[in-house]
Amino acid sequence: MNRSTNVGKVPLGAVVPLFLAISVESWVVRPDLPGHAIHHPFCWLGLLVAIVSIVMLISGLSTHRESAGFPGVEWSPGGLVGHRSRGYFPRDALFDASA
Amino acid sequence: MIATWYGIVSLMLIVYVALDGRNFGAGMLHWFVARTPEERRQVVAAIGPLWSWHEVWARRVWRHIGRGIPRLMASAFAGYYLALFLILWCLILRGISLEVGGHINDRLWQGFWDFVFVFSNFLLAILFGAAAGNLVRGVPLDANGNSRWHFSSNFNVRGYVGLLDWLHGIHCSFLGLSYWPAHGATYLTLKTEGPVHEP
């Protein structure tokens, strides 16, 4: 296994626990979010993309197939933004394009 | 219409994070994967040709926010004033260190700019992570859309909280610190050969 992969895998172990912790904390600070997000298709689509991409990344790094892990790491931000889009997009359109 | 602008801005933000994230990660791993000055030059060379192209997407994000959602831009700059200036300075210092770090063959000179390069990438990961966490949590705005809050306040989860020293924000920063090194590691694995690639 090469040096870059070895070093990169160390902090990667914290990603899944942190993601779970952040999800719980988001529910604490934005209790309205899960209720709205569960009916939002982007939430599920983003979650699917994020999970698949993180699995691709971890398996790519574990099996020395970094070229397979690279698309995973490229797509995971999109999945996370999609999953959290209910939080990013304001429920009430506070900002008017014409203002 | 507002949803379309949000979609465009989100797409550009995703592209920026996907493309420039590899530079963040490679910069954060700079000292850990490269043990000699020659190896460090190899890491810089891996991201050197395209780093400024990737930053164009960040400029596009701000340009489209300014055009499509001007009140959001005004509120963001007011509320995130110090954080945005820190991000700006980190991006500037990262660019300077990439461009001038290898110009003089002196260990002190190169060591200094290597430190600036690594430090600015770590700080960028922390700040972008905290910014994403704050967006999920929601930014307190008054009736005029103005946002005024401290850079840091306390560790409470409710009430008047700040940008960084809040459990959710800090965890999101840690997520950035954990995720981007993996991003950089996969990129360096594909783009480097020799010592950086070897155990």
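B:Trp109 lies in helix α7 of chain B, where helices (H or I, at least four residues) and strands (E, at least two) are DSSP runs numbered from the N terminus. This is a predicted model, in which local features need pLDDT of at least 70 and side-chain atom pairs count only at pLDDT 80 or more, while totals for chains, interfaces and linings use all residues. Residues are numbered from 1 along each chain as its sequence is written, and chains are lettered from A and ligands numbered from 1 in the order in which they are written.

B:Trp109 counts as partly exposed because 14 C-beta neighbours lie inside 10 Å; a residue is buried if 20 or more other C-beta atoms lie within 10 Å of its own, exposed if 12 or fewer, and partly exposed in between, with C-beta atoms placed from the backbone. From C-alpha to C-alpha, B:Trp109 and B:Trp89 are 20 Å apart in space, and in sequence they are 20 residues apart.

## Composition of the two chains

Chain B contains eight helices and zero strands, and 43% of its 199 residues are buried. Contacts are counted between residues whose C-beta atoms, placed from the backbone, lie within 7 Å, and of those in chain B with a separation of 6 or more, 73% join residues 24 or more positions apart.

Chain A has six helices and zero strands, with 42% of its 99 residues counting as buried. Among the contacts of chain A with a separation of 6 or more, 60% are between residues 24 or more positions apart.

## Confidence in chain A

The average pLDDT of chain A is 74, and 84% of the residues score at least 70, pLDDT being the predictor's confidence in each residue, from 0 to 100.

## The largest nonpolar core

A nonpolar core is a set of buried Ala, Val, Leu, Ile, Met, Phe, Trp, Tyr and Cys residues joined through C-beta atoms within 7 Å. The largest one holds 60 residues, of which B:Leu13, B:Ala26, B:Val43, B:Ala125 and B:Leu188 touch the most other members. Helix α7 (residues 107–137) of chain B gives the largest share of this core, eleven residues.

If residues up to four places away in sequence are left out, B:Val43 touches B:Ala26, B:His30, B:Val33, B:Ala34, B:Leu188 and B:Val196.

## One face of helix α5

Within α5(B), the buried residues are B:Leu72, B:Ser75, B:Ala76 and B:Gly79. Seen down the axis of α5(B), they fall within an arc of 100 degrees, so they line one face of the helix; the arc is that of the directions from the helix axis to the C-beta atoms. The cover over the buried residues of α5(B) includes α4 (51–68) of chain B.

## The contact between chains A and B

Chain A brings 43 residues to the contact and chain B brings 49. On the side of chain B that touches chain A, the elements giving two or more residues are α1 (2–28), α2 (30–33), α5 (70–79), α7 and α8 (167–191) of chain B, and the largest share, 19 residues, comes from α8(B).

That side of chain B divides into 32 nonpolar, 14 polar and three charged residues, where Ala, Val, Leu, Ile, Met, Phe, Trp, Tyr, Cys and Pro count as nonpolar, Asp, Glu, Lys and Arg as charged, and the others, Gly among them, as polar.

How values were computed:
Two residues are in contact if their C-beta atoms, placed from the backbone, lie within 7 Å.
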